[in-house]
Amino acid sequence: MSKLVLDLGCGSGREYDFNPFFAPILVNALLSDLDHPARWVREHPLYRLYMGWVVQDAHYLALRSECVDAVALRHVLEHCEDPRKVLAEIHRVLKRGGEVIVQVPNWCSVNARADPHHRHVFTPIKLYRLLREIGYVIELPHLLTDKLPKFIRKYLTLAIIHLTEDLVMMGRKR
């Protein structure tokens, strides 16, 4: 059985470019944004390979509970009025064991403050805590040797992530 993936905030081609995260040949991906796709997006060869398009606000997803296997949230959370509400809605629609991939500009990057539509700035610690508070199990990238104690690896990894342009974290629903 094929997995269903929601690409939330993939860009309608109007204010932001159409930029889907998942290759449609690998998964059943459902695209979603605040607006209907622009004409050039609907005519894009990749667009026809996706399952469909849902116009919805990330704060109030028009999907039933526990219906998707994964959600991509790439450069969306910093635009949302209430990031906690968005991540809680995603948690609601994810199946048990489902994953969310969150990508936001790092707080120290130029991009974090360059877009006037950004409402929030995220540090690695802030994003990590937000995901944990909602109930996600966080998957940090494995950057350091296993010879270090786990708690030291965790904090050193978060410190290294501080140096990147974008923050990318994956959370799994228990």
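**Calls and cut-offs in a predicted model**

User: Where is His 75 found?

Analyst: In the loop between strand 4 and helix 2 (83-93). Helices (H or I, at least four residues) and strands (E, at least two) are DSSP runs, numbered from the N terminus. This is a predicted model: local features need pLDDT of at least 70, side-chain atom pairs count only at pLDDT 80 or more, and totals for chains, interfaces and linings use all residues. Residues are numbered from 1 along each chain as its sequence is written, and side-chain values use heavy atoms, without hydrogens or water.

User: Why is His 75 called partly exposed?

Analyst: Its relative accessible area is 26%. Buried means under 20%, exposed means over 50%, and partly exposed is in between (1.4 Å probe, protein chains only). The value of 26% falls in between, so His 75 is partly exposed.

User: What is the phi of His 75 near, and what makes it worth a note?

Analyst: Phi is near 55 degrees, a positive value in a residue other than glycine. Glu 66 also has a positive phi, near 50 degrees, and is not glycine either. Glu 66 sits in the loop between strand 3 and strand 4. At 42% relative accessible area, Glu 66 is partly exposed.

User: Ala 58 is in the loop between strand 3 (52-55) and strand 4 (68-74). Why is Ala 58 called buried?

Analyst: Its relative accessible area is 9%. That is under the cut-off, so Ala 58 is buried.

User: Which residues touch Ala 58, neighbours within four places in sequence aside?

Analyst: Leu 8, Val 86 and Glu 89. Contact means heavy atoms within 4.5 Å. Leu 87 is 29 residues away from Ala 58 along the chain, yet their C-alpha atoms are separated by 8.6 Å.

User: His 118 is in the loop between helix 3 (111-114) and helix 4. Buried or exposed?

Analyst: Buried, because its relative accessible area of 15% is under the limit. Leaving aside neighbours within four places in sequence, His 118 contacts Glu 78, His 79, Pro 105, Asn 111 and Ala 112.

User: What does the protein chain show as a whole?

Analyst: Five helices and seven strands. Along the sequence, the pattern is β-β-α-β-β-α-β-α-α-β-α-β. Of the 174 residues, 44% count as buried. Among contacts with a separation of 6 or more, 67% join residues 24 or more positions apart.
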